[in-house]
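Please find below my notes on the model you sent.

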Amino acid sequence: MSVPDLIASVFVTPLGVAYILTLSRLRYSIRTTVISASIFLALFTVLNFFLAWKELPLLETHPYLDILYRTFNVLMPTPLVLTLVRQRMGQTLFVVLLVCNIILILNTLTFVVQYLTGWPQLLPGAVLFLATAGSFRLIRRPFLAVATYFRRYWIPLSLLLAVMVAAFFLEISYPVPLQYAPQHIPMALVLCGLCILMLVVIYLLFRGSKRQIDLEQSELSMRLYVTTLEAQNELALQTAHRVSVFRHDLRHLSQMIAVCLDAGDIEGARKLFATIDESVGSALGVRNILPVTGHKLLDAALAFYILRAQEANVDIDVRMATPSLPEDMKTELAVVLANALENATNACRKLPEEKPRTIRLRGQLHGKQYFLEVVNTCVPDEINFDVETGLPVTRQEGHGLGTQNIAQFAARHGGTAEFLLEDDLFCLRLLV
């Protein structure tokens with residue numbers, strides 16, 4: 001093996017780790033992840049180069065060393081990956097095995113090109129691996145958006161990928177590496193074709209799931225739209241009733257004010273005017289709320305769930321700036337907002353009557369991004385978190401889907417969703 005070929009083989013593992021992190025939900029910020037991975041992989045690459053240099057002269061006499069070397073390159077970065085990602089173990093296993101299969105395909109194709117043309121592996125390898133990196137970057141968001149729905153399927157899919165990895169190892173590394181047994185090239189190419197076919201099937205499975213998710217989101221948006229229209233009608237009826245009562249009381253209050261003024265009772269008249277001011281606020285349903293975003297569906301969702309919170313004796317305070325997001329994202333944000341406020345109201349309902357029931361909603365622009373924060377009082381003992389995903393979990397049937405939808409919305413649009421519990425306050429922070 002030439003020096004360029006040696007360099008190409010050594011740098012495969014850092015590229016593989018980059019692929020894995022691209023298709024994973026990160027635990028830390030991108031900057032922290034890049035710095036941590038770079039330091040680890042730099043040290044690992046030096047060690048890997050030394051091992052590869054020492055291994056080369058022994059491959060012909062000890063062919064099993066090739067399998068051990070490949071296995072070493074898979075297992076060593078595993079602690080780094082587990083530290084930097086935050087997702088279910090089955091999903092991480094699937095991503096690792098997926099990347100292993102793709103790298104084995106690329107390695108095989110690179111060697112075949114070298115065998116047929118005499119070019120160093122570094123040139124075709126660089127082209128293939130960079131093209132693959134671009135492809136991973138494109139599918140990152142849709143992959144993470146669909147990933148939550150595949151809880152039961154990660155292990156079966158991972159088993160299929162593990163079988164393909166084992167088949168590759170046996171074909172290209174045993175009993176001797178492919179470079180010393182070119183007669184195995186046709187079978188290796190057949191194996192590449194089968195693996196690519198399997199990956200295409202997995203891709204179609206994910207694409208079909210994404211379409212189903214999009215349909216469910218559209219249906220949910222339509223339900224929200226209909227529900228909020230009903231809420232607007234209910235609000236209008238309640239306001240009309242309050243105004244009717246206020247007009248009835250206003251006649252009596254006016255007469256009483258006139259009597260006070262005739263009698264020179266200025267203080268009494270002031271108190272009656274204050275009563276009128278309070279009655280105006282009650283008639284219009286004003287409770288320190290300013291749900292004006294400029295988007296009909298967002299405002300309708302706010303109106304509906306603010307009404308529900310008030311009916312549950314929840315003190316709700318809303319301040320939202322107008323989101324500068326695409327129209328379809330605003331519609332999705334309305335669904336996210338509905339889920340967040342519904343969860344917050346349900347959490348407040350579980351509190352005893354003597355405990356404060358509060359919800360605070362804030363929406364702010366941060367450059368081109370939008371920051372949404374929902375803070376509500378809750379019963380801390382009833383809040384549990386999934387240690388792998390960081391999402392709140394519940395044992396009640398049919399519950400817990402709201403937080404999943406919020407996390408999926410953030411993943412689809414390259415944002416972050418954070419769920420925190422601080423004393424008796426539950427906090428949702430969303431940045432998209």
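The points below concern a predicted model.

1. Helix pair. Helix α11 (residues 296-311) and helix α12 (residues 327-349) have axes that come within 9 Å and cross at roughly 5°. Angles under 35 degrees count as roughly parallel, so α11 is roughly parallel to α12.

2. Residues at that contact. On the α11 side, the contact is made by Leu-297, Leu-298, Ala-301, Leu-302, Tyr-305, Arg-308 and Ala-309. On the α12 side, the residues include Leu-333, Ala-334, Leu-337, Ala-338 and Leu-341, and also Lys-330, Glu-342 and Arg-349. By class, the contact of α11 with α12 has eleven nonpolar, two polar and four charged residues.

3. Make-up of the lining. Helices and strands that each supply at least two residues to the lining of the second largest pocket include α2 (12-22), α3 (30-55), α7 (122-147) and α13 (401-412), along with β4 (369-377), β7 (416-422) and β8 (425-431). The lining residues divide into 24 nonpolar, 14 polar and ten charged.

4. Ser-209. Apart from neighbours within four places in sequence, Ser-209 is in contact with Val-146 and Phe-150.

Notes. Residues are numbered from 1 along each chain as its sequence is written. This is a predicted model: local features need pLDDT of at least 70, side-chain atom pairs count only at pLDDT 80 or more; totals for chains, interfaces and linings use all residues. Side-chain values use heavy atoms; hydrogens and water are left out. Axes are lines fitted to C-alpha atoms, for helices over the stretch in contact, and angles run from 0 to 180 degrees between N-to-C directions. Helices (H or I, at least four residues) and strands (E, at least two) are DSSP runs, numbered from the N terminus. Angles under 35 degrees count as roughly parallel, over 145 as roughly antiparallel, 65 to 115 as roughly perpendicular and the rest as oblique. Contact means heavy atoms within 4.5 Å. Ala, Val, Leu, Ile, Met, Phe, Trp, Tyr, Cys and Pro count as nonpolar, Asp, Glu, Lys and Arg as charged, and the others, Gly among them, as polar.
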